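Here is a short report on one structure. Please keep the sequence and the 3D view at hand while reading.

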Amino acid sequence: MSEQQTGQSGAYQAHFRVWRGDPDGGGLTDFRVEVHEGEVVLDIVHRLQATQAPDLAVRWNCKAGKCGSCSAEINGRPRLLCMTRMSVFDRAETITVTPMRGFPVVRDLVTDVSFNYAKAREIPAFVPPEELAPGEYRMQQEDVSRSQEFRKCIECFLCQDTCHVVRDHEENKSAFAGPRFLMRIAELDMHPLDAASAAGLDRKRTAQDAHGLGYCNITKCCTEVCPEGIKITDNALIPLKERAADRKYDPLVWLGSKIRRRKE
Ligand code: SF4
Ligand code: SF4
Ligand code: FES
């Protein structure tokens with residue numbers, strides 16, 4: 001092995017394997033590419049564009065882990081290209097970069113994530129309380145803090161990509177919103193000012209019946225890949241499941257629903 005490959009400082013040559021193709025098919029292409037100290041994988045993809053593959057397609061914007069657009073898979077793990085430091089890999093390791101597997105390829109590393117926008121539109125928005133005017137809303141700090149964690153989401157959709165319910169199961173996509181949007185339902189359901197139930201919308205029931213909460217078997221894979229460190233499973237999905245189960249097995253809720261149904 002050359003000194004360039006094994007030295008601990010300065011530039012070295014890395015072995016990259018990048019998926020290239022389009023919806024009709026494609027494959028992995030090998031590159032030797034220079035790496036400098038402090039660089040991230042997105043820097044290397046940009047160097048490939050500048051030196052060897054000018055038509056290599058990649059989506060990116062902020063290069064700061066905030067826009068959520070550079071999502072891809074590195075050595076099979078869903079990651080942000082701009083937040084993955086080259087220093088986490090062994091210098092002799094082959095680094096394989098592929099598009100997110102859970103979504104259709106547009107070209108090279110770019111995928112069509114419109115599935116997620118469609119799911120976002122299916123989630124009913126916050127319902128404002130009728131008795132309060134804007135500006136009169138008051139919340140406990142702990143309620144603010146609880147939903148603040150979910151608000152850190154940058155919509156990179158890495159959690160959606162990794163979730164096994166849809167990753168290799170296109171047939172589940174119509175019935176399953178995915179962790180990012182089940183988390184959104186959980187956020188709204190625990191919002192103290194959301195007036196959905198007064199307006200006749202049972203968020204827990206729709207999470208189960210319309211958005212596939214029951215498909216989630218709390219493997220926590222979504223949490224593991226979230227670049228914002230949001231505890232999607234522990235803080236959103238499990239509490240939502242618990243509240244949905246409480247609702248189902250609470251005798252008062254059961255009785256209330258029977259009476260309501262008889263009146264209808
Ligand atoms: S915890 Fe649920 S939503 Fe998250 S990856 Fe596992 S099955 Fe999917
Ligand atoms: S919850 Fe995390 S992984 Fe999922 S879209 Fe938001 S930031 Fe990305
Ligand atoms: S380029 Fe914006 S998150 Fe990576």
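## The model

This is a predicted model. Side-chain atom pairs count only at pLDDT 80 or more.

## The open sheet

Five strands make an open sheet, in the order S2-S1-S5-S3-S4. The pairing is mixed. In general, strands of a sheet pair through backbone hydrogen bonds, either parallel or antiparallel.

Strand S2 (25-35) and strand S4 (77-80) stand at the edges. Each has a single partner strand, so one side of each is left without a neighbour in the sheet. On average, neighbouring strands are turned by 30 degrees against each other, direction ignored.

## Strand S3 and its partners

Strand S3 covers residues 71-74. S3 and S4 run antiparallel and are joined by 4 bridges. One pairing puts glutamate 73 with proline 78 of S4 as its bridge partner. The hairpin of S3 and S4 has 2 residues between the strands. In that hairpin, asparagine 75 takes a positive phi near 50 degrees.

S3 also pairs with S5, again antiparallel, through 2 bridges. Here isoleucine 74 stands opposite valine 97 in S5.

Helix H7 (residues 179-189) is mostly covered. Of its 11 residues, 10 are buried. Among them are the nonpolar residues Phe181, Leu182, Met183 and Ile185. Charged residues are buried in H7 too, including Arg180, Glu187 and Asp189.

## Around ligand 1

The shell of ligand 1 includes the cysteines Cys163, Cys216, Cys221 and Cys222. Val165, Pro179, Ile218 and Leu237 also belong to this shell. Helix H9 (221-225) and helix H10 (232-249) are the elements that give two or more residues to the shell. By class, the shell has 8 nonpolar, 3 polar and 1 charged residues.

## Around ligand 2

How many residues lie around ligand 2? There are 14. Cys153, Cys156, Leu158, Cys159 and Cys226 come nearest. The shell divides into 11 nonpolar, no polar and 3 charged residues.

How values were computed: Residues numbered from 1 in each chain as written. Chains lettered and ligands numbered in written order. Predicted model: local features only at pLDDT ≥ 70, side-chain atom pairs only at ≥ 80, totals over all residues. Near = placed C-beta within 6 Å. Pairing = 2+ DSSP bridges. Axes fitted to C-alpha atoms, helices over the stretch in contact; angles between N-to-C directions. Buried ≥ 20, exposed ≤ 12 C-beta atoms within 10 Å, placed from the backbone.
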